[in-house]
Amino acid sequence: NKKIISALGRVNGTISHKILGKKGFGYDPIFIPKNKNLTFGQMSPKKKFKTDHRSIAFKKLKKKL
């Protein structure tokens, strides 16, 4: 029926004082998700995808469909 749906994905965490890791892009080498010991830049793409804001938003969208 052509309705527009949206969802918000949010990840809490801290900012590293050092650039750590070379994977990902943007803020990935400095963002440490809450309850994790690695920055997104240090995580494998598969592990990052399970916890990043895009994945959270996508899971919410999937429930709405």
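This briefing covers a cluster of aromatic rings, a charge beside it and one glycine in a loop. The model is predicted. Ring pairs link Tyr27, Phe31 and Phe40 into a cluster. The charged end of Lys48 sits over the ring of Phe40.

**Aromatic pairs**
- Searching the whole structure turns up 2 aromatic pairs.
- One of them joins Tyr27 and Phe31, with ring centres 5.8 Å apart. The planes meet at 85°, so this pair is edge-to-face; the cut-off for that class is over 60 degrees.
- Phe31 also pairs with Phe40, and here the centres are 5.5 Å apart. Their planes lie at 40°, so the pair counts as tilted. Stacked would need planes under 30 degrees apart.

**Exposure of the ring residues**
- Tyr27 is partly exposed, because its relative accessibility is 38%.
- Phe31 has a relative accessibility of 12%, so Phe31 counts as buried. The limit for buried is under 20%.
- Phe40 is buried as well, like Phe31.

**A charge over a ring**
- Lys48 places its charged end 5.6 Å from the centre of the Phe40 ring.
- Phe40 therefore has two partners described here: the ring of Phe31, in a tilted pair, and the charged end of Lys48.

**A glycine in a loop**
- Gly24 belongs to the loop that runs between β1 (13-15) and β2 (31-33).
- With a relative accessible area of 53%, Gly24 is exposed. Exposed means over 50%.
- In sequence, Gly24 and Gly41 are 17 residues apart. In space, their C-alpha atoms are 5.4 Å apart.

Conventions:
Residues are numbered from 1 along each chain as its sequence is written. This is a predicted model: local features need pLDDT of at least 70, side-chain atom pairs count only at pLDDT 80 or more; totals for chains, interfaces and linings use all residues. Side-chain values use heavy atoms; hydrogens and water are left out. Helices (H or I, at least four residues) and strands (E, at least two) are DSSP runs, numbered from the N terminus. Buried means under 20% relative accessible area, exposed over 50%, partly exposed in between (1.4 Å probe, protein chains only). Rings of Phe, Tyr and Trp (its six-membered ring) pair if their centres lie within 6.5 Å; planes under 30 degrees apart count as stacked, over 60 as edge-to-face and the rest as tilted. A charge sits over a ring if NZ of Lys or CZ of Arg is within 6 Å of the ring centre and within 35 degrees of the ring normal.
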